[in-house]
Amino acid sequence: LDYGLAEKIANGAVILDVRTEKEFKMDHIDGSINISLGTIRERYIELDTNRTYITCCSHGLRSVKALAILKERGFRNVFNGGAWVDLEKIVPKNK
């Protein structure tokens, strides 16, 4: 499912990788930020409710949960990007 994610990213949406810090360190999308699903209930305050976020993880399960948590906390512009390796394919390369 692509909710115009490439366009959202081009317009400044933030990619929020909710995998663990260890997973994120192994590889991730350039420019994405990492707040693991396990810490998002505390760390969501680091995010700006006015920005657009696209959640991703390894397979797409944690990103759905993170999206639900953020929506419960007042975030309106949050979209599920699913697996980060799939999402990476639509991210414009900064080269």
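I count two rings of Phe, Tyr or Trp (its six-membered ring) as a pair if their centres lie within 6.5 Å; planes under 30 degrees apart are stacked, over 60 edge-to-face, and the rest tilted.

**Ground rules**

I am working on a predicted model, where local features need pLDDT of at least 70 and side-chain atom pairs count only at pLDDT 80 or more, while totals for chains, interfaces and linings use all residues. My numbering starts from 1 along each chain as its sequence is written, and side-chain values use heavy atoms, with hydrogens and water left out.

**Entry 1: rings**

With that definition, I found one aromatic pair in the structure. The ring centres of Y53 and F75 are 6.0 Å apart and the planes stand at 75°, so I log the pair as edge-to-face. Y53 sits in strand β3 and F75 in the loop between α4 and β4, so the pair ties together parts 22 residues apart in sequence. My helices (H or I, at least four residues) and strands (E, at least two) are DSSP runs, numbered from the N terminus. Are Y53 and F75 buried or exposed? Both are buried, that is, under 20% relative accessible area; exposed is over 50% and partly exposed lies in between (1.4 Å probe, protein chains only).

I also looked for charges over rings (NZ of Lys or CZ of Arg within 6 Å of the ring centre and within 35 degrees of the ring normal). K8 lies over the face of F79, 4.4 Å from the ring centre. R73 does likewise over Y44, at 5.3 Å.

**Entry 2: cores**

Next I looked up nonpolar cores, meaning sets of buried Ala, Val, Leu, Ile, Met, Phe, Trp, Tyr and Cys residues joined through side-chain atoms within 4.5 Å. The largest holds 15 residues, and L16, V18, I40, L47, Y53 and L70 touch the most other members. β1 (14-17), β3 (53-57) and α4 (61-72) are the elements giving two or more residues to this core. α4 gives the most, with four residues. A second, separate core has ten residues, including L5, I9, I15 and W84.

**Entry 3: helix α4**

I checked the length of α4 first.

Which residues of α4 are buried? They are S63, A66, L67, I69 and L70. The buried residues pack against β1, α3 (40-43), β3 and β4 (78-83). Just after α4, G74 takes a positive phi of about 95°.

**Entry 4: single residues**

For contacts I use heavy atoms within 4.5 Å, and I skip residues up to four places away in sequence.

- S63, in helix α4, is buried at a relative accessible area of 0%; S63 touches V18, T55, C56, C57, N80 and G82.
- D17, in strand β1, is likewise buried at 0%; among the residues D17 touches are F24, H28, C56, C57 and W84.
- E42, in helix α3, is exposed at 52% relative accessibility; the C-alpha atoms of E42 and L87, 45 residues apart along the chain, are separated by 25 Å.
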